Amino acid sequence: MRAGCLAGLCACLGPGVTAGAAAAEIGAQPAEPKPASLSQKWIAALLPQLAGGDREYAQRVLKSCAQSHYDDLGMQAVVDRFRGRMDEFLDFPRKEWGWIIDYDRGRGVVEVDENKSACVCPLVPKDHGAGLGMLCYCSEGFAERLFSAVSGSPVRAEVVASILRGQKSCRYRIDLKPSGA
């Protein structure tokens, strides 16, 4: 699959794809939806079960899962180029991923619209999105890792709109100066 979700922020392009190649490919949509893979079916069965329990626990678990995706994409190599330079970093997803970004430096808030009309998360079967909105917690974890690496301090990310939750695109709010972080 050749799309990214930093969300969200999530994009698994397959083994051997470098971060630079991944960045160049993000935003491309496959010509035809592929049948759901075992991992997609597994996730589709797991998430409704997590949704029936403690929301904070599920959020913590799914946010932590983002690390494996972040590592698989080699995102650390991408963000290392921008460490401490938020403005330059924000130009990267604008240009490479087509994101619409609003950055309020004074408040330390970044608002991101992925600017895609379909969920690009590789874990979501293209024919099954209902009931999988909890997966967006993984995107929050991915965004937190990404923006924390650039800023050099903890951040808090929240998915404020999601295709999997019924909205027309995926949008995030990243608080670069969270209280209590």
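These exercises, with worked solutions, walk through the fold of one protein.

The model is predicted: local features need pLDDT of at least 70, side-chain atom pairs count only at pLDDT 80 or more, and totals for chains, interfaces and linings use all residues. Residues are numbered from 1 along each chain as its sequence is written, and side-chain values use heavy atoms, without hydrogens and water.

**Exercise 1. List the elements of the protein in order.**

Step 1. Take the terms. Helices (H or I, at least four residues) and strands (E, at least two) are DSSP runs, numbered from the N terminus.
Step 2. Count them. The protein has 6 helices and 4 strands.
Step 3. The order is α-α-α-α-α-β-β-α-β-β.

**Exercise 2. Work out how the strands pair.**

Step 1. Set the rule. Two strands pair if DSSP finds at least two bridges between them.
Step 2. Start with β1 (residues 100-104). This strand pairs with β2 in the antiparallel sense, over 5 bridges. Ile100 stands opposite Asp113 in β2.
Step 3. Look at the link. β1 and β2 form a hairpin with 4 residues between them. Gly108 in that turn has a positive phi of about 70 degrees.
Step 4. Move to β2 (residues 109-113). It is joined by 5 bridges to β4 (residues 171-175), and the two run antiparallel. Val112 stands opposite Tyr172 in β4. Asp113 stands opposite Arg171 in β4.

**Exercise 3. Check the span of helix α6.**

Step 1. Find its length. α6 covers residues 136-151, which is 16 residues.
Step 2. Get the expected span. It is 1.5 Å times one less than the number of residues.
Step 3. Compare. The helix reaches 22 Å from its first C-alpha to its last, close to the 22 Å expected.
Step 4. Look past its end. Gly152 follows α6, with a positive phi near 85 degrees.

**Exercise 4. Decide what is covered and what is open.**

Step 1. Define the term. Buried means under 20% relative accessible area, exposed over 50%, partly exposed in between (1.4 Å probe, protein chains only).
Step 2. Check two elements. In β2, 4 of its 5 residues are buried. In α6, 13 of its 16 residues are buried.
Step 3. Take the whole protein. Of its 181 residues, 46% count as buried.
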